[in-house]
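Subject: Structure handover

Hello,

I am passing this structure on to you. Please open it first, then read the notes below.

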4 protein chains.
Amino acid sequence: MNIKVAVNGYGVIGKRVADAVRVMPDMELVGVADVATDWRVRTAVGLGLDVFAATPGAGTAMRAAGMPVAGTLADLLSQVDVVVDTTPKKVAALNLEAYRAAGVKAVFQGGESHATTGHSFVAQANYATALGRDATRVVSCNTTSIVRILGALQDSELLARARGVLIRRATDPGESHQGGIMNTLVPESSIPSHQGPDARTVRPDLDVVTIAAKAAHTQTHTHFWTLQLTRPASREEVLETLRAAPRIAFIRMADGLTASNTTVELMRDLGRPRGDMWEVAVWEDVLTVEGDEAYLTYQVNNESIVIPETIDAIRALAGTVTDGPTSIATTDEVLGMRRDFLPDALRAVPA
Amino acid sequence: MNIKVAVNGYGVIGKRVADAVRVMPDMELVGVADVATDWRVRTAVGLGLDVFAATPGAGTAMRAAGMPVAGTLADLLSQVDVVVDTTPKKVAALNLEAYRAAGVKAVFQGGESHATTGHSFVAQANYATALGRDATRVVSCNTTSIVRILGALQDSELLARARGVLIRRATDPGESHQGGIMNTLVPESSIPSHQGPDARTVRPDLDVVTIAAKAAHTQTHTHFWTLQLTRPASREEVLETLRAAPRIAFIRMADGLTASNTTVELMRDLGRPRGDMWEVAVWEDVLTVEGDEAYLTYQVNNESIVIPETIDAIRALAGTVTDGPTSIATTDEVLGMRRDFLPDALRAVPA
Amino acid sequence: MNIKVAVNGYGVIGKRVADAVRVMPDMELVGVADVATDWRVRTAVGLGLDVFAATPGAGTAMRAAGMPVAGTLADLLSQVDVVVDTTPKKVAALNLEAYRAAGVKAVFQGGESHATTGHSFVAQANYATALGRDATRVVSCNTTSIVRILGALQDSELLARARGVLIRRATDPGESHQGGIMNTLVPESSIPSHQGPDARTVRPDLDVVTIAAKAAHTQTHTHFWTLQLTRPASREEVLETLRAAPRIAFIRMADGLTASNTTVELMRDLGRPRGDMWEVAVWEDVLTVEGDEAYLTYQVNNESIVIPETIDAIRALAGTVTDGPTSIATTDEVLGMRRDFLPDALRAVPA
Amino acid sequence: MNIKVAVNGYGVIGKRVADAVRVMPDMELVGVADVATDWRVRTAVGLGLDVFAATPGAGTAMRAAGMPVAGTLADLLSQVDVVVDTTPKKVAALNLEAYRAAGVKAVFQGGESHATTGHSFVAQANYATALGRDATRVVSCNTTSIVRILGALQDSELLARARGVLIRRATDPGESHQGGIMNTLVPESSIPSHQGPDARTVRPDLDVVTIAAKAAHTQTHTHFWTLQLTRPASREEVLETLRAAPRIAFIRMADGLTASNTTVELMRDLGRPRGDMWEVAVWEDVLTVEGDEAYLTYQVNNESIVIPETIDAIRALAGTVTDGPTSIATTDEVLGMRRDFLPDALRAVPA
């Protein structure tokens, strides 16, 4: 029997979760809830989704705007096993009580604190500990990438210490008319930035410090890491470790993929929905290892990287798949995730 | 029997034409030709396309890079009825001779001059005169939009004179790491800019002057028109005229679609390939009519607006469909073009 | 005896007014008032200005931050003849009462409505009617440029009708980390935009419609005008009219000044304070006249164009100079305003 | 007797060097040489500089454009003691022969290789070794800042190892209409980037690795450093070391200086020519020290930071001042360089 899923909040993450749930063979999207009446939510109506009013006031406004309203949030919750909460930061913690009262399991997003649910989730790191829980939090885009990458190196006992500079996109493309930065660079005012400590909610064994800044572009974060290894290693050894871990793919400067916009264009050309990239994209030929130090650069598509994690979190809470790798494999196959974006034969070309 | 089509040049336009040809029920994509070996062309290989070497040197380089090469441009031309030439400006005129020698009909793009083929094409304006010709030129993105919009108003005898300011995107997203402008506005150095005269290669009856500038963004052009009407008219009359013409769709500020990035996001949410928008997007609630003057604002997605025109041009040259509206209707239905991007019911909401 | 001046609000306009007042031979800057304690106001302290607390709360905060506070706003007002109010929009109307109570004349800025003072000011248009008034409003940057340019053409009986597209900078450079737009173009939602009607508060005889949008850059607005002339005219005739009017300067594409950033750089190279440009910069070689239509393109430096007007408005209210052209000439000479930014000899070079 | 100076190349650096030479009490600017005839060089004429033709062809073109030409480059060289070469990269190495033939000492810029002159210069590091040489190279903006900052920490035996991420501006403001990047981040394709090794041409004792990328803004580079100290230290100890070194100034997030554009605005407000900042601007309250690691963030104004170094290099080659600190003190006082940009009293406010 399929897992019945609700999405509360039809924004940047919510709309992508809704689409991903719809294509999973073991899930059913019952509906989405929101409070807006603008083109975003109307598009959901146009796509044939059942839209519920997240608040009583929203229902009134939606009906006044001529939108079909499938019911209240309570109506929606009464029909589902798991709700994915992608509402803004302050709202989610309040929602948790409603979800508990309705007996619905809940997946939150990285804007919430670890304390809200007491469990923070990255599929490859701790699927097992989320099994059967009432709630978990899929960590943010940056943190997810850190756990995937540094976690893999830590598991292979290569990583002693990681110091990273995270150059973030300033705002999302769909919001860039009302909240951007222009012709500037905006460093965070304190070090470490929150991502390093946040990664330790999932992997307390990481020795990681992050420094963050916003740059004047709208798509993908880029991370620059200086890694202290536990011992001298070869470049190929580091690469092999990353190749063996899930949800990491490789790009190469030598292929002309020399900047973040080219990777976004590649995703469009591959036919990805919305040009999404769920993988961490590691620049294979930028990776440098000198003795016991490695320098690693990768891109994180902040709009979409947490979508596969969220799908896995739904399964973990529902308890329908007890094995993390099995869930990951299903998610990745259905979404079409890749380890390499270009034909395999071409990988033989020297960097 | 299907029209056999080649695409020469797998860039911003070429890759979209290739995709559109593949979904048309009456066409077959035999292959694409290019000279590059980077990720762009490798992606075509990955998508299963037959890639031909546009020059002998390119063939050598492609093979050296480990790419499968399906043959030479001559090999490709020997198998097709129509070639769509989307090569850079200087190359296309030379190619025309090769196409003629091979007995292949050719569709060029707006970067070429009218004189190259002697015929400039916008489907709704002059499909009939392209029928059976050896070659035609689909006019550029801006010119296509001008002919669609002003042509419709001229046909209804509403338009006396059009004066437009065209604020262009600076470069395409996939090229924006190597050829952009930053924190500036760059006006063209002479008035009229080429688009107004270019529109007259298709519609010599238009009284149109264009002024152009590049702004610091990468997606969609926006046109601001002051229209001198032949007589006082109502806003609704102007709207109705545009609603009756093909390949024009409406958006509204009142729906929250208040800037060019929001329209791009809407296309992503609608599941359009690459977020493409083939329609001219007219801001319905910005349109203002005062006496015998109208002020009209719309967006032009420069990456994709000429794709449906190119498909129609293929049919016109091949001569398999003799009626323009029939070709347009087929193209539009298969691509999923729309007159309105949001559910119809919502149109009842007052602006 | 010098006019004693206060500046209330030490922001983008206020700091420039303060500097300009300080160099005028017939004025004395008594002090500036503000509510902030950040680097902006601290810089004023560092420059040796007397800083007053615009509100009681501000005074407390300033002293707590270790800043020397010269007194209250009332203290400041008690020492001056004229106050220039450059506070945010909502605040100014309330301040008017305080200024009246203190018997101080007041110059407001274009963010306020015409109704606030009942008089809107552009020096070359209506200096005389401001003489001896209690208050006036220097109109906004865009409106100032419109009155300068269109007013000159109207005065010479050349202008019948003006239709303009105003591509605005999105935000000021010093604020661009917290309020910008990114990779988009944002049209205003209604036509006409406010600038056309606003110009008519100074020049009711203008037939002008404006259409506005914000583009993704931070410095200078650019206006693109289609002008219906009263009769066929030569390009030289239009140019001569503009050359004869004050506060208009000419730039040329042929000199390499091809975009708004190059003009900003020219101002830096000329040693202008903050790279300011007080003149409307008309692109001489872009100007095109066809029969009875003219197409005119110019730049407006929004940070500084109203500074000379504000200086003149101070004199007009104070009544110390009764003749507009005399005040304008003094202001322009002291600031170093120019009709041409490059050496005269070079003007002979053909476009 | 004053040092007679020529500047060959009147671009971003050249025009600033010319201005700085003119205000130095012990120098005389004889003239500048260039090859262009556009507004840049015409501005030099307007400022009263003698402009020489850097090539015979340039002389012809300048005269044809109506520009006064003071003579040839040979004429200029015959009148000077030192030439500052700020020509583009390829040109400078060829020029060296001409300078030697003319018996003129030459200061090159960081675009040239160390091998061109065999000596690379940062005043506080190695003024003494440049004394009396025929030629030296002032290292690039980024390298200059690295030597100032890391050199100071190395001198105090605090620094063991430095790993930095350099987020560069994409292009200069005056060039941003013709060579920018848009909505993207462009990492350099190999690690280390050239700046780390380049710093070692001046300070071979530094253990430094740099990783660089270009971001989508036009003003100032920002460096993010992870510093391995030789021992645990306090934050105050690191700060004191930097405070004691020349040409480093401090800014604070707590003052509202939270992004690179705010620092640029501060320079404009301080009345700096062109808004220049010759100091490395260290964010005092972002600096974090944890045990034996320090995290340091600062800004580098690429247009102007090398100007004081170039002035000192002129003196060192001329041999008129034999003591580095004396030259530095003169340069800094005349330019108005600062250790703190806001009034001293305010420094007492806690972060």
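Where in chain B does B:Pro192 lie? B:Pro192 sits in the loop between β9 (186–187) and α9 (195–199) of chain B. Helices here are DSSP runs of H or I with at least four residues, strands are DSSP runs of E with at least two, and both are numbered from the N terminus.

Some ground rules. This is a predicted model: local features need pLDDT of at least 70, side-chain atom pairs count only at pLDDT 80 or more, and totals for chains, interfaces and linings use all residues. Residues are numbered from 1 along each chain as its sequence is written, chains are lettered from A and ligands numbered from 1 in the order in which they are written, and side-chain values use heavy atoms, with hydrogens and water left out.

**Backbone**

The peptide bond from B:Ile191 to B:Pro192 is cis, with omega near 0°. Chain C has a cis bond too, between C:Ile191 and C:Pro192, with omega about 5°. C:Pro192 is in the loop between β9 (186–187) and α9 (195–199) of chain C. Next, B:Arg247. Its phi is positive, about 60°, although B:Arg247 is not a glycine. It is found in the loop between α10 (235–243) and β12 (248–251) of chain B. For context, most residues other than glycine have a negative phi, and most peptide bonds are trans.

**Sheets**

Start with chain D. An open sheet of 7 strands runs in the order β3-β2-β1-β4-β5-β7-β6, with parallel pairing. Two strands pair if DSSP finds at least two bridges between them. The edges are β3 (51–53) and β6 (120–121) of chain D; each has a single partner strand, so one side of each is left without a neighbour in the sheet. Strand β1 (residues 3–8) of chain D runs parallel to strand β2 (residues 27–34) of chain D, and 6 bridges join them. D:Asn8 stands opposite D:Ala33 in β2(D).

Helices lie across this sheet. Helix α3 (residues 56–64) of chain D lies across β2 and β3 of chain D, at about 125° to β3(D). Contact means heavy atoms within 4.5 Å. Axes are lines fitted to C-alpha atoms, for helices over the stretch in contact, and angles run from 0 to 180 degrees between N-to-C directions.

Now chain A. Its 7 strands form an open sheet in the order β3-β2-β1-β4-β5-β7-β6, and the pairing is parallel. At the edges stand β3 (51–53) and β6 (120–121) of chain A, each with a single partner strand, so one side of each has no neighbour in the sheet. Strands β1 (residues 3–8) and β2 (residues 27–34) of chain A pair in the parallel sense over 6 bridges. A:Val5 stands opposite A:Leu29 in β2(A). Helix α12 (residues 306–318) of chain A packs on the sheet, touching β1, β2, β4 (82–85), β5 (105–108), β6 and β7 (135–138) of chain A. The direction of this helix makes about 170° with that of β7(A).

**Helix pairs**

In chain D, α1(D) and helix α12 (residues 306–318) pack at about 60°, with their axes 10 Å apart. That makes α1(D) oblique to α12(D). (Angles under 35 degrees count as roughly parallel, over 145 as roughly antiparallel, 65 to 115 as roughly perpendicular and the rest as oblique.) The crossing is right-handed. (The near helix is then turned clockwise from the far one by less than a right angle; anticlockwise is left-handed.) In α1(D), D:Ile13, D:Arg16, D:Val17, D:Ala20 and D:Val21 meet D:Val306, D:Ile307, D:Thr310, D:Ile311 and D:Ile314 in α12(D). By class, this contact has 8 nonpolar, 1 polar and 1 charged residues. (Ala, Val, Leu, Ile, Met, Phe, Trp, Tyr, Cys and Pro count as nonpolar, Asp, Glu, Lys and Arg as charged, and the others, Gly among them, as polar.)

**Copies**

A rotation of 180° with 0.0 Å of shift along its axis superposes chain D on chain C, with an RMSD of 0.0 Å. The two copies are thus related as by a two-fold rotation axis. Superposition is by least squares on the C-alpha atoms of residues with pLDDT of at least 70 in both copies. The same surface serves both: 100% of the contact residues of chain D recur in chain C.

Best wishes
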